[in-house]
Amino acid sequence: MPTNFNLAEVLYTLQLHRKKMIGVVIIALIIAAITLFFVPRYFQSTAYVLPSNPELADKERAAYNNLQRLYSYFGNGDDLDLLYGMTRLDTLYYQLTDSFHLVNTYGIKASTEALRRFEAMKLLKENLQFKKTENNQLAIRVWDKNPLLAANIANAAVALLKQSEENLWLLNYQNTMHSLQNQIQALQQKIIETEQQLAVPGTANATILETNKTQYLQQLAQYQKNLTDLQLAIQNVAPGLYVVEKATPAVKPDRPKPILVLITVTIISFVFAATAVLIYFRNRIE
């Protein structure tokens with residue numbers, strides 16, 4: 001059985017049947033063009049944000065303005081990773097799904113409301129992308145058939161991320177303040193008990209009690225100062241992130257890309273036609 005490969009014969013066969021190959025390519029391009037005409041067009045909107053420096057959440061920052069000069073407003077790569085990690089939570093997607101009534105927008109059909117909501121959330125995941133850039137930024141990209149809706153979803157995602165980050169800091173402040181208030185109450189109770197003991201004539205260890213009272217008062221003053229700092233921090237929560245660029249409605253669709261699709265179809269159809277010709281006429285080449 002002959003095994004020699006004759007390049008000249010291959011090229012001759014391709015040239016001999018070039019019209020058939022060109023016809024296959026043209027038919028494929030026509031089908032692709034017709035398909036592209038009916039395929040929905042998706043518009044892309046992108047917002048860019050920078051992570052904030054978690055040091056800005058220091059409770060003493062609100063009380064002492066000079067401390068702000070010690071910290072950079074923007075976070076580093078680790079802070080960007082933490083912010084990116086928050087985008088992997090389904091909570092964010094469900095909030096966006098409910099806020100924009102995407103069950104109705106996407107026309108989801110399912111047996112239960114919970115399943116319709118879940119399917120809409122999954123579809124949103126396919127059209128919403130979070131990507132870290134080389135400039136230490138987080139890009140939020142949204143694709144939708146409605147350019148205005150795409151921009152609104154991207155900006156809403158930014159707002160939800162910012163709110164989530166700030167809520168974490170706020171919750172930490174509130175928990176610390178609650179614990180501190182309990183300590184203040186316990187310390188005040190100790191002071192009252194110490195004063196009651198000192199009020200009794202001839203109380204033993206009066207000197208020790210006076211020393212304890214002084215220490216309690218000093219500690220109480222420090223706790224009250226910390227409580228004031230926390231209250232200021234709650235009223236002036238540091239930004240969760242910084243918006244570099246808001247998303248705006250696109251003026252032309254991003255998907256599909258007609259030129260790229262047609263080029264791809266041309267290459268694939270040509271390779272297919274050439275392979276079919278060579279296989280069909282292989283005996284002549286041999």
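Me: Contacts to begin with. Of those between residues at least 6 apart in sequence, what share joins residues at least 24 apart?
Reply: It is 77%. Keep in mind that this is a predicted model.

Me: Noted. How many helices and strands are there?
Reply: The protein has ten helices and four strands.

Me: In what order do the elements run from the N terminus?
Reply: The order is α-α-β-α-α-α-α-β-β-α-α-β-α-α.

Me: Overall dimensions next. What radius of gyration does the protein have, and what would a compact globule of 286 residues have?
Reply: The protein has 34 Å. A compact globule of 286 residues would be near 19 Å.

Me: And what box do the C-alpha atoms fill along the principal axes?
Reply: Roughly 125 × 45 × 40 Å.

Me: What percentage of the residues is buried?
Reply: Buried residues are 33% of the 286.

Me: What about the accessible surface of the protein?
Reply: That comes to about 18200 Å². Carbon and sulfur atoms account for 58% of that surface.

Me: Charges now. How many positive and negative side chains are there?
Reply: There are 27 positive and 23 negative side chains. The centres of the two sets are 14 Å apart.

Me: Switching to rings. How many aromatic pairs turn up?
Reply: The count is three. One of them joins Phe 37 and Phe 38, edge-to-face. Their ring centres are 5.2 Å apart, with 90° between the planes.

Me: Are Phe 37 and Phe 38 buried or exposed?
Reply: Phe 37 is exposed, and Phe 38 is exposed too. Another aromatic pair is Tyr 93 with Phe 130, also edge-to-face. That pair has 6.3 Å centre to centre and 85° between the planes.

Me: Where do Tyr 93 and Phe 130 sit in the chain?
Reply: Tyr 93 is in helix α4, residues 90–99. Phe 130 is in strand β2, residues 128–132. They are 37 residues apart, and the pair links distant parts of the chain.

Me: Why does Tyr 93 count as buried?
Reply: Because its relative accessible area is 4%, and the cut-off for buried is under 20%. Phe 130 has 5%, so Phe 130 is buried as well.

Me: New topic, Asn 127. Where is Asn 127 found?
Reply: Asn 127 is in helix α6, which covers residues 113–127. Asn 127 is buried, at 9% relative accessible area.

Me: Which residues does Asn 127 touch, leaving aside neighbours within four places in sequence?
Reply: Asn 127 is in contact with Tyr 106, Arg 141, Val 142, Trp 143 and Arg 255.

Me: And Gly 107, where does that lie?
Reply: Gly 107 is in the loop between α5, residues 102–105, and α6.

Me: Why is Gly 107 classed as partly exposed?
Reply: Because its relative accessible area is 40%.

Me: How far is Gly 107 from Ala 120 in space?
Reply: The distance is 8.6 Å, C-alpha to C-alpha. In sequence, Gly 107 and Ala 120 are 13 residues apart.

Me: Last one, Ala 33. Which helix holds Ala 33?
Reply: Helix α2, residues 18–38. Ala 33 is partly exposed, with 38% relative accessibility.

Me: What separates Ala 33 from Ile 279?
Reply: Their C-alpha atoms are 28 Å apart. Along the chain, Ala 33 and Ile 279 are 246 residues apart.

Methods:
Residues numbered from 1 in each chain as written. Predicted model: local features only at pLDDT ≥ 70, side-chain atom pairs only at ≥ 80, totals over all residues. Heavy atoms only, no water. Helix = DSSP H or I, 4+ residues; strand = E, 2+ residues; numbered from the N terminus. Rg over C-alpha atoms; globule rule 2.2 N^0.38 Å. Buried < 20%, exposed > 50% of the residue type's maximum accessible area, 1.4 Å probe, protein only. Contact = heavy atoms within 4.5 Å. Areas by Shrake-Rupley, 256 points an atom, 1.4 Å probe, with all protein chains shown as cover. Lys, Arg positive; Asp, Glu negative; His and termini not counted. Charge placed at Lys NZ, Arg CZ, Asp CG, Glu CD. Phe/Tyr/Trp six-rings, centres within 6.5 Å; stacked < 30°, edge-to-face > 60°.
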